[in-house]
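Hello,

Here is the structure we talked about. Please open it first, then read the notes below.

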Amino acid sequence: EVQLVESGGGSVQPGGSLRLSCAASGFTFGSNDMTWVRQAPGKGPEWVSRINSGGGSTWYADSVKGRFTISRDNAKNTLYLQMNSLKPEDTGVYYCVSGFGSWGQGTQVTVSS
């Protein structure tokens with residue numbers, strides 16, 4: 001019943017921007033911390049960012065700090081990741097993960113020239 005559906009991925013040149021969304025259903029979204037995780041080709045999953053249930057506290061991996069912004073709209077049951085100044089090393093599948101461990105199907109982000 002829990003569903004997490006990512007969207008907004010695509011192909012972009014270095015320095016470009018993308019905005020990812022995660023539509024959540026089947027649980028009380030506003031009571032759960034949410035996380036973005038990514039997996040680059042041939043590598044293991046990497047934690048990217050976390051936001052607390054109310055949206056007032058955020059955390060970022062050093063690799064994305066200053067470039068990515070996590071946010072949420074609890075009224076819309078939606079999580080976001082604004083990605084700016086993208087680099088080739090940001091390439092990978094981005095997953096929305098709930099505080100209790102459910103994962104979405106992922107959305108592909110490709111940064112290349």
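With a relative accessibility of 16%, Phe27 counts as buried, because the cut-off for buried is under 20%. Phe100 has a relative accessibility of 43% and therefore counts as partly exposed. Please keep in mind that this is a predicted model.

These residues matter for the next item, the aromatic rings. A pair of aromatic rings is described by the distance of the centres and the angle of the planes. Searching the whole structure gives three aromatic pairs.

Two arginines are placed over rings. Arg19 lies over the face of Tyr80, 4.1 Å from the ring centre. Arg50 has its charged end over the ring of Trp59, at 4.5 Å from the centre.

Next, the cysteines. How many disulfides does a search of the whole structure find? It finds one. The disulfide is formed by Cys22 and Cys96, whose sulfur atoms are 2.1 Å apart. The torsion about the S-S bond of Cys22 and Cys96 is about -75 degrees, which means that the disulfide is left-handed. Cys22 and Cys96 are both buried.

Last, the chain as a whole. The protein chain has zero helices and 10 strands. Its radius of gyration is 13 Å, close to the 13 Å that the globule rule gives for 113 residues, so the protein chain is as compact as a globular protein of that length. The C-alpha trace spans about 40 × 25 × 25 Å along its principal axes. Of the 113 residues, 42% count as buried. Among contacts between residues at least 6 apart in sequence, 50% join residues at least 24 apart. The accessible surface of the protein chain is about 5500 Å², and 46% of this belongs to carbon and sulfur atoms.

Regards

Key. Residues numbered from 1 in each chain as written. Predicted model: local features only at pLDDT ≥ 70, side-chain atom pairs only at ≥ 80, totals over all residues. Heavy atoms only, no water. Phe/Tyr/Trp six-rings, centres within 6.5 Å; stacked < 30°, edge-to-face > 60°. Buried < 20%, exposed > 50% of the residue type's maximum accessible area, 1.4 Å probe, protein only. Lys NZ or Arg CZ within 6 Å of the ring centre and 35° of its normal. Disulfide = S-S within 2.5 Å. Helix = DSSP H or I, 4+ residues; strand = E, 2+ residues; numbered from the N terminus. Rg over C-alpha atoms; globule rule 2.2 N^0.38 Å. Contact = heavy atoms within 4.5 Å. Areas by Shrake-Rupley, 256 points an atom, 1.4 Å probe, with all protein chains shown as cover.
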